[in-house]
Amino acid sequence: MGEHLVNTEVNAERIAAVESCFGPSSHPLAVPGRVLVGEGVLTKMCRKKPKARVFFLFNDVLVYGTVLVYRRRYTGQHLLPLDTVSVEDLPDSESQANRWLIKTRQKSFVVCAATAPEKADWLHHIADCVQRLLQRTGQQPCILHAAPWIQDNVTDICMRCTHTRFSALVRRHHCRHCGFVVCRSCSKQRLVMPHLSAKPLRVCTLCYRQLVAAGNAGGAGAGGVGAGVGQSGQDQDEGDDRDGGRDSDDERAATWSGQQQFFAADRSWSSFHM
């Protein structure tokens, strides 16, 4: 998809404009053979609350970030290689419409579009770009994905012991294997999961037992779990809720005029370059 745009001036100008919006400290996006397929604003279901994020679909990578000034300044750039990406359609819920799941090796999360046709376009174009990329490279589809984190407001009690109630003093934690919201007592263990991190990560008691049992049955490293089992030390990325537990100063000062209206807007916020 978008092969006719390779090495064209209009494609180069589009990519340069995206680079300019993210600023000089971001990852360079002008790569030989890269094509900007589509772009738009989606609602990303973050740990604390839904947040508007700008997304850019290239023929080899999916990029997203925080909108500070629409079409002028973005921050918090994230790059997801398409050879690790897959998408999964999700039904509407009471509070979320036009949603789907983006899955990768290192993070998975739910996003929502403003309209059903916009959602259908994103699903189609992402899946098509992934398929074409795998065909070009001869790679196999990625089958090992990170679990999406369940949002904090889904539950007031630990999803494992079911009796510890969260409060200002009792923190919520997330198991890196199942994504459940759990209390500290139910997530004391750490395991290395190579597809997520080289460092031991927090897992809940149930996942710990299952992963260790699978490793013992199949030998070291079975099930994608490496060495480094332990129960001590601080979780290195506990404060990382995939977009920060609190809005950054830049995000609180965002001046994008459409930000407040986005979530209720009955219109498409995406476009694709065919």
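This is a predicted model: local features need pLDDT of at least 70, side-chain atom pairs count only at pLDDT 80 or more; totals for chains, interfaces and linings use all residues.
## Rings, charges and a helix face

The charged end of Arg 34 sits over the ring of Phe 58, at 5.6 Å from its centre.

Residues are numbered from 1 along each chain as its sequence is written, and side-chain values use heavy atoms, with hydrogens and water left out.

**Exercise 1. Get an overview: how many helices and strands does the chain have, and what share of its residues is buried?**

Step 1. Go through the secondary structure, and you get 5 helices and 13 strands. Both are DSSP runs numbered from the N terminus: helices are H or I with at least four residues, strands are E with at least two.

Step 2. Now the inside: 48% of the 274 residues are buried. Buried means under 20% relative accessible area, exposed means over 50%, and partly exposed is in between (1.4 Å probe, protein chains only).

Step 3. Finish with contacts, meaning heavy atoms within 4.5 Å. Among contacts with a separation of 6 or more, 56% are between residues 24 or more positions apart.

**Exercise 2. Work out what kind of aromatic pair Phe 22 and Phe 56 form, and which elements they sit in.**

Step 1. The structure holds 8 aromatic pairs. Rings of Phe, Tyr and Trp (its six-membered ring) pair if their centres lie within 6.5 Å; planes under 30 degrees apart count as stacked, over 60 as edge-to-face and the rest as tilted.

Step 2. The centres of Phe 22 and Phe 56 are 6.1 Å apart and their planes are at 70 degrees, so this pair is edge-to-face.

Step 3. Phe 22 belongs to helix 1 (residues 9-22) and Phe 56 to strand 2 (residues 50-58), so the pair ties together parts 34 residues apart in sequence.

Step 4. Check the accessibility: Phe 22 has 7% and counts as buried, and Phe 56, with 2%, counts as buried too.

**Exercise 3. Do the pairing exercise again for Phe 55 and Phe 109.**

Step 1. With 6.4 Å centre to centre and 40 degrees between the planes, Phe 55 and Phe 109 make a tilted pair.

Step 2. Phe 55 lies in strand 2 and Phe 109 in strand 7 (residues 108-112), so the parts tied together are 54 residues apart in sequence.

Step 3. Phe 55 is buried at 1% relative accessibility, and Phe 109 is buried at 5%.

Step 4. Look around the pair: Phe 55, Tyr 64, Phe 109, Trp 122 and Phe 272 form one aromatic cluster. The ring of Phe 109 also has the charged end of Lys 44 over it, 4.6 Å from its centre.

**Exercise 4. Which residues of helix 1 are buried, and what do they pack against?**

Step 1. Start with the length. At 1.5 Å a residue, the 14 residues of helix 1 should span 20 Å, and the end C-alpha atoms are 20 Å apart, which agrees. The expected span is 1.5 Å times one less than the number of residues.

Step 2. The buried residues are Asn 11, Ile 15, Val 18, Cys 21 and Phe 22. Down the axis of helix 1 they fall within an arc of 120 degrees, so they line one face. That arc is taken from the directions from the helix axis to the C-beta atoms.

Step 3. This buried set packs against strand 1 (36-45), strand 2, strand 3 (61-69) and strand 4 (73-81).

Step 4. Turn to the other side of helix 1, where Glu 9 and Ser 20 are exposed. After the helix comes Gly 23, with a positive phi near 90 degrees.

**Exercise 5. Where does Asp 83 lie, and which residues does it touch?**

Step 1. Asp 83 is in the loop between strand 4 and strand 5 (86-89).

Step 2. Its relative accessibility is 25%, so Asp 83 counts as partly exposed.

Step 3. Leaving out residues up to four places away in sequence, Asp 83 touches Leu 133, Leu 134, Gln 139 and Cys 142.

Step 4. Asp 83 and Val 130 are 47 residues apart in sequence, yet 6.2 Å apart in space, C-alpha to C-alpha.

Key:
A charge sits over a ring if NZ of Lys or CZ of Arg is within 6 Å of the ring centre and within 35 degrees of the ring normal.
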